[in-house]
Amino acid sequence: HPLFADHPDEVPEEFADAIRAITEEGESPESLAEHYKTKGNECFQRGKVNSRYYRNAVQYYGQALGFALAAEDGVPGVSRLRSQLLSNRAQAHLQLRNHGSALADAAAALGHWGANAKAHCRR
């Protein structure tokens, strides 16, 4: 499932086709990724009051990651964005006590950008 992909090669072709259709309407995968990252950040903040929002944050970060993985590898900052999304999702998983998922996301985050200090802490 594209929400759980960690690498561009893991994004199914039908999801990539859907992303291409959306981007043809004027949105870049990077801008869509940033949009869903913001939604994830908002849910994460709400999770401090009601923990069910952490589950929503995981979903939004996953959607953002799907778009970020669809972006061209050579786009400036895309590896860092992918790493940040995985690291943010790892933190949401930690809040939900999904330690295995948090560890996997943190490790994947470091694979995209090894200097991500937050990912090192979450691993």
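How do the axes of helix 4 and helix 5 cross, and within what distance do they come? They come within 8 Å and cross at roughly 165°. The model is predicted, so local features need pLDDT of at least 70 and side-chain atom pairs count only at pLDDT 80 or more, while totals for chains, interfaces and linings use all residues. Residues are numbered from 1 along each chain as its sequence is written, and side-chain values use heavy atoms, with hydrogens and water left out.

- Helices are DSSP runs (H or I, at least four residues), numbered from the N terminus.
- The axes are lines fitted to C-alpha atoms over the stretch in contact, with angles from 0 to 180 degrees between N-to-C directions.
- The crossing at roughly 165° makes helix 4 roughly antiparallel to helix 5 (an angle over 145 degrees).
- This crossing is left-handed, meaning that the near helix is turned anticlockwise from the far one by less than a right angle.
- The contact (heavy atoms within 4.5 Å) includes Arg-82 and Arg-89 of helix 4 and Asp-105 of helix 5.

**Salt bridges**

- The structure holds 2 salt bridges, each defined as a side-chain nitrogen of Lys or Arg within 4 Å of a carboxyl oxygen of Asp or Glu.
- One joins the side chains of Asp-105 and Arg-89 (2.6 Å, N to O).
- Asp-105 lies in helix 5 (residues 99–112) and Arg-89 in helix 4 (residues 78–95), so this pair ties together parts 16 residues apart in sequence.
- Both Asp-105 and Arg-89 are buried (under 20% relative accessible area, using a 1.4 Å probe and protein chains only).
- Another joins the side chains of Asp-73 and Arg-82 (2.8 Å, N to O).
- Asp-73 is exposed at 52% relative accessible area (the cut-off being over 50%), whereas Arg-82 is buried at 2%.

**Nonpolar core**

- The largest nonpolar core has 21 residues, of which Phe-44, Ala-57 and Leu-85 touch the most other members.
- Such a core is a set of buried Ala, Val, Leu, Ile, Met, Phe, Trp, Tyr and Cys residues joined through side-chain atoms within 4.5 Å.
- Helix 2 (29–47), helix 3 (52–70), helix 4 and helix 5 each supply at least two residues, and the largest share, 9 residues, comes from helix 3.
- Beyond its neighbours within four places in sequence, Ala-57 contacts Gly-40, Cys-43, Phe-44 and Ala-92.

**The loop residue Ala-71**

- Ala-71 sits in the loop between helix 3 and helix 4 and is buried, with a relative accessible area of 5%.
- The C-alpha atoms of Ala-71 and Glu-30 are separated by 6.4 Å, although the two are 41 residues apart along the chain.

Conventions. Parallel < 35°, antiparallel > 145°, perpendicular 65-115°, else oblique.
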